[in-house]
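I opened this notebook to keep track of what I looked up in a structure that was new to me. The entries follow the order in which I went through it.

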Amino acid sequence: MKYTLNIYGIDDEIIKTYSTNIVPWGVFVQAASLQERLINESPLNQIKAIGELLQMLFAGLTEEELQHADVNDVMNTFKQITSGGAKIGENIKNA
């Protein structure tokens with residue numbers, strides 16, 4: 001799977017994995033919007049918005065489960081999604 005997010009238990013064991021091969025257009029648009037509007041937001045608001053985005057990406061992911069995901073996994077998944085927007089911008093400039 002291209003995008004995955006592990007949920008961990010008390011002893012750092014993986015208890016559940018969410019995965020998908022695609023980023024739906026709506027999630028991509030939301031990620032682009034977040035990049036623009038969160039620049040001046042507090043870190044807490046930025047973190048919450050990223051969590052909401054991942055809940056859109058991974059069907060069934062709950063807020064409680066998200067609290068047990070590794071921060072590096074969360075941020076890397078967010079970066080994977082938003083890097084697609086940067087590529088689109090480059091293609092437009094080069095067209």
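**Entry 1: the pocket**

I began with the classes of residue in the lining of the largest pocket, and I found 8 nonpolar, 3 polar and 3 charged residues there. In this count Ala, Val, Leu, Ile, Met, Phe, Trp, Tyr, Cys and Pro are nonpolar, Asp, Glu, Lys and Arg are charged, and the others, Gly among them, are polar.

Before going on I noted that this is a predicted model, in which local features need pLDDT of at least 70 and side-chain atom pairs count only at pLDDT 80 or more, while totals for chains, interfaces and linings use all residues. I also noted that residues are numbered from 1 along each chain as its sequence is written, and that side-chain values use heavy atoms, with hydrogens and water left out.

I then looked up the volume of the largest pocket, which is about 360 Å³. Of the 14 residues that line this pocket, the closest to its centre are I47, K48, I50, G51 and L66. A pocket here is an open set of points on a 1 Å grid over the protein atoms alone, where a 1.4 Å probe fits, with protein on both sides within 12 Å along at least five of seven lines, and a lining residue has an atom within 4 Å of a point. The points are joined across faces, edges and corners, and the volume is the space filled by probe spheres set on them.

Which helix gives the most to the lining of the largest pocket? I found that helix 2 does, with 7 residues, and that helix 2 (43-57), helix 3 (63-66) and helix 4 (71-94) each supply at least two.

**Entry 2: the chain**

I next listed the elements, and the chain has 4 helices and 2 strands, which run β-β-α-α-α-α from the N terminus on. Helices (H or I, at least four residues) and strands (E, at least two) are DSSP runs, numbered from the N terminus.

I read that 29% of the 95 residues count as buried, where buried means under 20% relative accessible area, exposed over 50%, and partly exposed in between, with a 1.4 Å probe and protein chains only. The accessible surface of the chain comes to about 6,500 Å², of which 53% belongs to carbon and sulfur atoms; such areas come from the Shrake-Rupley method with a 1.4 Å probe.

**Entry 3: the core**

I turned to the largest nonpolar core, which has 20 residues, and those with the most contacts inside it are L5, L54, F58 and L61. Strand 1 (3-8), helix 1 (25-37), helix 2 and helix 4 each supply at least two residues of this core, and helix 2 gives the most, with 5. Such a core is a set of buried Ala, Val, Leu, Ile, Met, Phe, Trp, Tyr and Cys residues joined through side-chain atoms within 4.5 Å.

Leaving out residues up to four places away in sequence, I found that F58 touches Y3, T4, L5, Y18, S19, T20 and T77, a contact being heavy atoms within 4.5 Å.

**Entry 4: single residues**

I stopped at D12, which lies in the loop between strand 1 and strand 2 (14-20) and has a positive phi of about 65° although it is not a glycine. Most residues other than glycine have a negative phi. D12 is exposed, with a relative accessible area of 63%.
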